[in-house]
Every structure is written in C-alpha cells, then in structure tokens.
Amino acid sequence: MVPPRPARLVRLAVFLGTAFAAIAAAVRADECAQCTAKAMCAPHKEVDKGALETFKAAYKDKDPERRIAALKALAEVNRAHDNHRSRAAAQAMAAALRDPAAEVRREIPPLLGGTQEAATALKALGTALDAHLGKLDKLDLKKARGTPEYTQDLLWLRALYQGVQKTANREASPWFVRGLVMMNAEVVQDAAKTCGHLKTRAVIDAVLTALEHLAGTDATEATGNAWREVCKALPEMTGHTGVAPQKDSNDAARFVNDWKEWWKANRGKKQFE
C-alpha cells in the first residue's frame, strides 16, 4: 500500500476524531449501574445506535483507509460497553468480512473477535474460516506455494485465526482441530500459534496429531515453522514441562513418544474437559 499523503492523514485524523467523540462522550458501561450483562441502559443504547449509523454511512467510502478507520471507530463502541456488547455492531462488522479490498478484510477478524459480541463474532469468523480451510485443503501446494495468491491466502488465514483466538471462546475448538490435522504445514503453524487458550482434550489431541505427522515429514522451512509452534503450544495447553527437549532431528521420534505417553496417562484429568 502507498503510504498516505499528509493531507490524507489529516482527513483520517479528523474522521477518527469525529467518530470517537460521540462514543467517548458517554459514560463507560462498565461503570454504569444501569447496564447489565442482559441489557444496556437507555443512554448507552442511544450511543450504540448513533455509532452504528455513523459506521454504516462512513463505510460506504471508496477509500479503503477510511473504511478501516470506520471499522476501528465501530470497535470502540464495545470497548466502551465492556459488560454488554452490542450484537448489532457485531453483525455490521461481520458483514464487512466481504469487503472487496484484501487490506480491509484483514483488519476485521482481530477487531471482530476482540471487541464484538462473542457469539456473533465466532459464527461469522467460523463460517469464513470453514470456507478458507476448504479452499486451502484443495490446493496443489507444489504449484501454489510462492505465488502472490497463496501469500494472500496465508495472510487471510492468519487474520481469521487471530480473530477466533481473540473471542476467547471454547466453542472455537472445531476450527482449530480442523486446521491442526490438515497436511498443510502453514495451516498447522497458524492454528497451533493461536490455539493455546483452548486447554481441551479435542484440541490437545489434534496438536499431538500434528506433532506426530510433522515428525515424519521432510524437513522444510514450512514444516520447521509448524513444528516450533506445535512444540510451544503443548506445554502452554497442558501445563506440563517435564518432557525433555528434543536434542536434534534424530530425536524427534523420542520427543513425540514422550508426549504421547504423558498424554495417555493424563488425558482423563478434569482440567482437560
């Protein structure tokens, strides 16, 4: 992307300032005795409504940078409503996942997952991730790797997994499991990098499946990157640090077996339900 010119930066600053001003003028919902997890108070409903109308108008702009600014302003609605996140705002942001500009689309998943109502965000991100994993699963990687399109595919995958991670929702497990058991090392890498908060049997099973698969594949930059992320994920998810580090490439089988044996003995623990 060409860096914005000074005049454009000024216009963006004015735009963001205007969008944030209405939100900042409201009392924070987490400090408001009238707002609850079930319902938003009347003043905050008005702030929410106004911010949503501002977003819908601003998002029609042809300039991708201004659409990104509008998305960031909309994210502030829920930053200011910590104890009652707006479903309407989440739906509006989720609809923007279809933005025609890749640079705009990539901004959305982390904002959607990190600031919006979790159930709506996860449903939208999961749907997008399902479609994208399906596409990646069908690619001929020998032909795809190194192409501009595949690079964009990986950037979009990374953004989607970051968004799902930021929902901090246990219901996200199936999307991580699906990515971890794929044969594409770049998919495994991104799934492993973002799944550590899901300390559940299904996801740990999938991480161990990925570990065993990678141990038996040819060493490449892609498999090496995936292996490192999987190895980081296991102690994070299990809390276990007693498996001796891998000494060298010839020690991979022993390393995998030690983890499998530990998991066999500990898989039934309540903490992994």
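Select Y59 to begin: with a relative accessible area of 17%, Y59 is buried, where buried means under 20% relative accessible area, exposed means over 50% and partly exposed lies in between, using a 1.4 Å probe and protein chains only. The model is a predicted one, in which local features need pLDDT of at least 70 and side-chain atom pairs count only at pLDDT 80 or more, while totals for chains, interfaces and linings use all residues. Residues are numbered from 1 along each chain as its sequence is written, and side-chain values use heavy atoms, with hydrogens and water left out.

**Aromatic rings**

The structure holds seven aromatic pairs, a pair being two rings of Phe, Tyr or Trp (its six-membered ring) with centres within 6.5 Å, counted as stacked if the planes are under 30 degrees apart, edge-to-face if over 60 and tilted otherwise. The ring centres of F55 and Y59 are 5.1 Å apart and the planes stand at 35 degrees, so this pair is tilted. Next select W259, W262, W263 and F272, which together form one aromatic cluster.

Then move to W156 and show R105 with it: the charged end of R105 sits over the ring of W156, 5.9 Å from the ring centre, under the criterion that NZ of Lys or CZ of Arg is within 6 Å of the ring centre and within 35 degrees of the ring normal.

**The whole chain**

Zoom out to a cartoon view, where the protein chain shows 14 helices and zero strands; helices (H or I, at least four residues) and strands (E, at least two) are DSSP runs, numbered from the N terminus. Of the 273 residues of the protein chain, 47% count as buried. Among the contacts in the protein chain with a separation of 6 or more, residues 24 or more positions apart account for 69%, contact meaning heavy atoms within 4.5 Å.

**Helices α9 and α10**

Select residues 148–166 (helix α9) and residues 173–180 (helix α10), whose axes come within 10 Å and cross at roughly 145 degrees; axes are lines fitted to C-alpha atoms, for helices over the stretch in contact, and angles run from 0 to 180 degrees between N-to-C directions. With side chains displayed, Y161, V164 and Q165 in α9 meet W175, F176 and G179 in α10.

In the loop between α9 and α10, pick A168, which is exposed, with a relative accessible area of 60%. A168 has a positive phi of about 50 degrees although it is not a glycine. Most residues other than glycine have a negative phi.

Leaving aside neighbours within four places in sequence, Q189 is in contact with N225, A226 and E229.

From there select A226, found in helix α13 (residues 221–238) and buried at 0% relative accessibility. Its contacts, again leaving aside neighbours within four places in sequence, are A185, V188, Q189 and L214. Finish by drawing a distance between the C-alpha atoms of A226 and A185, which are 5.7 Å apart in space and 41 residues apart in sequence.
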